[in-house]
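Please have the sequence and the structure open side by side as you read.

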Amino acid sequence: MAGIKLIHHVNVQISDRDRTREWYENVLGAEFLDRGAINQRQLQLRIGTGEMHFTVTPEAASTGHFAVEVDDWDGMLLNLDNLGVPYSRSPGSVDAPLRTPEDNQYQGRREDNGEHYTYIHDPDGNMIELVYHPLGLTDSAGNPVALADNTKRLRWKQKDYVARIP
Ligand SMILES: [Fe+2]
């Protein structure tokens, strides 16, 4: 059976393209992807090794949430502090129980794999879960598996293309 290699992109509705681009660049280190004519229809950004696509919508409906893996947990929280971006371990419930000794109102740890997590919101209220797995990634046999590199200017290979509708 055919499978999936990775999630290529997630599309999120927004109300202001420039504000969204600036926020994702500053907060998550996103990179603008210049897609030529497509730029008029969507804002497309690379975040890590994946893509986020944003569509300006008059009544932007916020997502449930999506999660991104952070490469430097303490560095990310410091950046959030410096930018004044609030983050919370339990945005839906301030009374969520503390489950590990490291849990506090700002961040938590999953009991099973030590995953660090917290939640932020983009300017349109889309909730983003930030996660960090200190134990890394393994295959079913327990062998370490490296993630794809987050190399600047990473892009899917392009081909010459002539639009049918100019
Ligand atoms: Fe989640």
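1. Start at Gly-84, which comes just after α2 and takes a positive phi of about 75 degrees. Do bear in mind, here and below, that you are looking at a predicted model.

2. Now step back to the helix itself. Helix α2 covers residues 73-83, and of these 11 residues the number buried is one, so the helix lies largely in the open.

3. Next, have a look at the sheet. Four strands make up an open sheet with mixed pairing, and their order is β1-β4-β3-β2. The edges are taken by β1 (9-14) and β2 (31-32); each has a single partner strand, so one side of each is left without a neighbour in the sheet.

4. How does β2 join strand β3? The two run antiparallel and are linked by two bridges. As a reminder, strands of a sheet pair through backbone hydrogen bonds, in either a parallel or an antiparallel way.

5. Helix α1 (residues 17-28) lies across β1, β2, β3 and β4 (50-56), and its direction is at about 5 degrees to that of β3.

6. Finally, move along to Ala-146, in the segment after β10 (144-145). Is Ala-146 buried or exposed? Ala-146 counts as exposed because it has 7 C-beta neighbours inside 10 Å, and the cut-off for exposed is 12 or fewer.

Notes
Residues numbered from 1 in each chain as written. Predicted model: local features only at pLDDT ≥ 70, side-chain atom pairs only at ≥ 80, totals over all residues. Buried ≥ 20, exposed ≤ 12 C-beta atoms within 10 Å, placed from the backbone. Pairing = 2+ DSSP bridges. Contact = placed C-beta atoms within 7 Å. Axes fitted to C-alpha atoms, helices over the stretch in contact; angles between N-to-C directions.
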